[in-house]
Structure formats: C-alpha cells, structure tokens
Amino acid sequence: MSAITTHVLDTSRGRPAEGVTVTLEVLSDEGWKWLGGGRTDGDGRARDLFDGEVLEATYRLTFDTASYFATCLVEGFFPIVQLVFKVRDPSRAHHVPLLLSPFGYSTYRGS
C-alpha cells in the first residue's frame, strides 16, 4: 500500500465512489511532477497510487470527477477536484479523503 492514499465518498448517493481516476504529483523546482495514479475500487479507495519513497514535500491529488458523474448520469459543477497538501513527516501514512457531491466537496487529513 502507498504511503499516500485516498478514498472518495459520494455523499449525494451515500456510498463509495467507484471508478474515479486519481493522479498523484509532487511539486519540484521545475513544477508538478507526476508520481502515479489509479482508480478508486468498489470501496471508493485508491491504495496503490505510488510505490516510491514519500519525502517531505508538497503533493497534489487530482480527481477526474466529470467522468465519474457522467457514469452516474449526473451533471456536476466541479469537473476536476485538486487537493494540495504538505507532507512534513514522511514516516507517517497520509490519507487524504474526498467527500464529493455534484455541487460541493470537502476533505480532511485522515488516518
């Protein structure tokens, strides 16, 4: 399992959001560098985004919410959601969930 994970909960449907494409990037001196990605599973989780070493740095998770909402036959307001966060202690796991609905979203530092 990656040291950076996420899950997506579709709060409008009250269940995990399966099949959301997620990418993980790190901010470098040259800009954003792609590290990995995947799709959420039946439990809405993306556990294997990146198998490399997590360093103290700024990271960005990008969620393709437009494609997810299209499969649900819903028109969402946010076609892409990007969450930017800072890893200060690379020895700890970093779980960054997304609570999603067609017209809003929220996040938090999970465990």
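Valine 74 counts as partly exposed because its relative accessibility is 32%, where buried means under 20% relative accessible area, exposed over 50% and partly exposed in between (1.4 Å probe, protein chains only). The model is predicted, so to speak of local features pLDDT of at least 70 is needed, side-chain atom pairs count only at pLDDT 80 or more, and totals for chains, interfaces and linings use all residues. Residues are numbered from 1 along each chain as its sequence is written, and side-chain values use heavy atoms, with hydrogens and water left out.

Valine 74 sits in the loop between α1 and β7; helices (H or I, at least four residues) and strands (E, at least two) are DSSP runs, numbered from the N terminus. Leaving aside neighbours within four places in sequence, valine 74 is in contact with Phe69 and Pro102, contact meaning heavy atoms within 4.5 Å. From C-alpha to C-alpha, valine 74 and threonine 5 are 26 Å apart in space and 69 residues apart in sequence. Leucine 73 belongs to the loop between α1 and β7 as well, and this residue counts as exposed because its relative accessibility is 81%. Most residues other than glycine have a negative phi. For leucine 73, phi is positive, near 60°.

Helix α1 contains threonine 65, which counts as buried because its relative accessibility is 0%. Its side chain reaches the backbone nitrogen of isoleucine 80 at 3.4 Å, a polar contact being a pair of N or O atoms within 3.5 Å; within protein, one must be able to donate a hydrogen and the other to accept it, and residues adjacent in sequence count only if both atoms are side-chain atoms. Beyond four places in sequence, threonine 65 is in contact with Phe78, Pro79, Ile80, Val81 and Leu100. Serine 67 is also found in helix α1 and, at 40% relative accessibility, counts as partly exposed.

Threonine 6, in strand β1, is buried, with a relative accessible area of 0%. The side chain of threonine 6 reaches the backbone oxygen of valine 96 at 2.4 Å. Not counting residues up to four places away in sequence, threonine 6 touches Leu61, Phe63 and Val96, among others.

Turning to the interior, nonpolar side chains tend to be buried together in soluble globular proteins. The largest nonpolar core has 26 residues, of which Leu24, Tyr59, Leu61 and Phe63 touch the most other members; such a core is a set of buried Ala, Val, Leu, Ile, Met, Phe, Trp, Tyr and Cys residues joined through side-chain atoms within 4.5 Å. At least two residues of this core come from each of β1 (4-10), β3 (21-28), β6 (57-64), α1 (65-71), β7 (80-87) and β9 (98-101). Leaving aside neighbours within four places in sequence, leucine 61 is in contact with residues including Thr6, Leu24, Val81 and Phe85.
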